[in-house]
Every structure is written in structure tokens, then in C-alpha cells.
Amino acid sequence: MDSSEYIKKRIQSLTENSEEIRDQSPITNDFDSWSALKLILHSAAVNMYTTVLENNSYFNDLYYIDALAGSGVSTYGDTESCFLGSPIIAAKVAQEPFKKMYFIEYDQEKADALETRMEYVFSTHSDVQEPEDWEVIRGDANDEITNVVGEIWEESNNGFNYYCFIDNQELNVKWEAIEALTPKPWGDLLINLPTASAIGRNATMDPVPQELNDFYCVDLNEQDLPDSDIRPVMKQLYADCLAQNGRPVQRVTNVDANVGSYEYDLIYATRNIEGGNDYIEVVDYVKKFIEDVHAGDVDNILNVLYDGQASFEQYLPSEDIDDEIPDTRSERDENQTSLDDF
Ligand SMILES: C[S@@+](CC[C@H](N)C(=O)[O-])C[C@H]1O[C@@H](n2cnc3c(N)ncnc32)[C@H](O)[C@@H]1O
């Protein structure tokens, strides 16, 4: 598949039918346009993950966990503009239906809205991959992740793997919950790290607030943290935690609004595989695209998301990924063995 087409499809997956799906409930999440960029990466990551693993004989059952699932739709500004939420995007772009999709949301109204929208999408949109089973779990992700992992172990007799999206806005999912996902069952993580707001703001306090300490695998009060330029240090520390817990292969995509207070990082983390992780190259490519778009301003982002064509092309990374995007029907995919050596 052509790389330009590939990125365009990812962007389309954010807004296609979004108004009709929004109208199923008055409840939505609030959004800002910078947040849309994370969903482009999520769309690419789910698409690649399911494409590569679908033909892998070791992992028969693929699961999806959305730890901070939201209401299924986000609106932004005073306009009617809206984007689909991560659970719906995942169901839309999956190359094969997941065995089960878990959606965890502790806000009752948002969880209800999500359930209504998922029911609607699965019953009316034939292009969306309905999983064998799905569940909206009303609860705190810090407790529920452990239960989900327990259920996957109980239910699956086959080899299994999962993709888990943790879209932190604040210090939402603590390290203990990440530990529950590790080291087995195996799975990939896409984590939104609130680098500026929640982390940068708190990391220079002495002592470090408990809430931030709970977010990391180490006691931050025992680390030699600098007084300034702390964000890169905190980012690296989190990446180190993920590496220690069996996911040393990482790609960090930075979204920085250049206004000082707004910055987040998306960490895609997976395990080391002999022979390499093919689909990481696609994450690399989308990372370059996202980082180029964000270097512009909000108008650029909106142009890319809504205008398509002209404004979009200029942000495509110069190198092509034509040879690197695994296509489900390609020979290359059938021969894909790099994930087999687990
Ligand atoms: C950034 S929004 C998620 C947006 C979603 N990923 C999307 O793309 O639409 C974070 C959501 O997590 C929920 N939330 C925050 N902390 C939580 C927790 N500890 N457990 C479960 N849900 C939580 C919030 O109510 C909010 O809807």
C-alpha cells in the first residue's frame, strides 16, 4: 500500500461517520485539536498490530484493552467538530476481529454512552470488525486491569497476545497496574505520557507527590532529579521502567504545542524479538508525520484532519514505507515469522 494512502486512511478513521455516532448519546469527551494526533498513531498501531499478528500461528487469540476508554466520541471547541474515540477507531481499523475488546471507564455516564455507541456501531456498520465478545467495564483501571488479565488467562486456551492503549490525561494509571500487565500475558502498550501537565509540574516538588511516585516503578525521592529541564529525564525514567518490565523496544512520539505548558509523549512499547519487529517501522513513519504536523500550529492540524489533500501531502516524511507496510494479502505477511520465536 502507498504510504500517502496509508496515512490518509488513518486520518479518515478518526472522523468517518463521527457525527452520526456522536448523535447516539449527548455525552462526549472534551478534546483539543492537539489530542487528535495521538489517535492517528493509535489507528496505525492497531492496524499494524492486527495485520502482523493475524497470520501468526503462535498467537491465536488477540485481545484489545482500552484502559481509559472515554465515551466513544470527543468534541472540541465551540464547533460541532468531533472525532471518534479510541475504542471505535480500534474496532474500525483492526484487520481481524479481536477475540475480546475490554473498555474500562470509571465515569458512569461516559461508560453508558460508550456502550450505546459500541452497540450501535457493531449493529449498523458492517465495515467495523465486531469482536467475538466485548465489554464496557465500569470501574477504576487501576483495579480492573488486574481482573482483565486474570480473565484472559482463564478464558484463553490458545496462545494469546494483547494491545493495550493507556490514554492518560493526568496520572491516571499507576505503575502497579502496568505491572499487572507484565511480563505475561505478552502484549504491546501504547501509553500517553502527560509529560508537561501532570509529570513536569510535579516532579520538581520536594518531596515528590505520592501520586507521581505511584506512576513510576522507582521511588522518585531517591532519584537524583534535576531542578530544571526535568521533562526529558522523567520521560527517560518512564521508558526505563517499561524496558525493565519486558518492553525494551520503544518508540516515543512527542507532541509539543510550543506554548510551554502543553506537551505529551506517546510511547509504543513492545518486547524484543529476534529478527526485529517489522511493524515498529510503521510506527516510526507515523511518528515522523505527527512530529512534523505538530511543529506547525493548530490550524495546520485542522487542515490536515479536515482538508485532506494539499495540506496533508506536505507533511509526509520524505522516505517511503511502501515496502515496509505489511499488507494482509501479501506473501511477505504469510512468511512473517519474527513474532514466532517467543
Ligand atoms: C483522555 S480520556 C480518554 C479518551 C479516549 N482514549 C478516546 O480516545 O476517546 C480519559 C478517560 O479516562 C477516564 N478515566 C480517568 N481516570 C480513570 C481511571 N482511573 N479508571 C478508569 N477511567 C478513568 C476519564 O473519565 C476519561 O473519559
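Q: Which residue has a polar backbone atom 2.9 Å from a nitrogen atom of the ligand?
A: That's Ala-141. A polar contact here is a pair of N or O atoms within 3.5 Å. Bear in mind that this is a predicted model, where local features need pLDDT of at least 70 and side-chain atom pairs count only at pLDDT 80 or more, while totals for chains, interfaces and linings use all residues. Residues are numbered from 1 along each chain as its sequence is written, and side-chain values use heavy atoms, with hydrogens and water left out.

Q: Okay, and what does Ser-86 do with a nitrogen atom of the ligand?
A: An N or O atom in the Ser-86 side chain is 2.8 Å from a ligand nitrogen. Tyr-106 uses a backbone N or O atom instead, 3.2 Å from a nitrogen of the ligand.

Q: How much of the ligand's accessible area does the protein cover?
A: The protein covers 94% of the 600 Å² that the ligand has on its own (Shrake-Rupley method, 1.4 Å probe).

Q: Who else is around the ligand?
A: There are 20 residues around the ligand, and the nearest are Ser-86, Glu-105, Asp-140, Ala-141 and Asp-167 (near means a heavy atom within 4 Å).

Q: New topic: which pocket does the ligand take up?
A: The ligand's space is the largest pocket, with about 790 Å³ in it. A pocket is an open set of points on a 1 Å grid, with protein on both sides within 12 Å along at least five of seven lines, and lining residues have an atom within 4 Å of a point. To sit in one, a molecule needs more than half of its atoms within 2 Å of the grid points.

Q: And what lines the largest pocket?
A: The lining has 39 residues, with Lys-38, Asp-167, Asn-168, Gln-169 and Asn-172 nearest the centre. By class, 16 are polar, 14 nonpolar and 9 charged.

Q: How many cavities of 30 Å³ or more are there?
A: The count is 1, where a cavity is space a 1.4 Å probe fits in but cannot leave. The largest cavity has a volume of about 50 Å³. Its lining has 11 residues, and Asn-161, Asp-188, Thr-270, Arg-271 and Tyr-279 are closest to the centre.

Definitions and conventions. A polar contact is a pair of N or O atoms within 3.5 Å; within protein, one must be able to donate a hydrogen and the other to accept it, and residues adjacent in sequence count only if both atoms are side-chain atoms. Grid points are joined across faces, edges and corners, and a volume is the space filled by probe spheres set on the points. Ala, Val, Leu, Ile, Met, Phe, Trp, Tyr, Cys and Pro count as nonpolar, Asp, Glu, Lys and Arg as charged, and the others, Gly among them, as polar.
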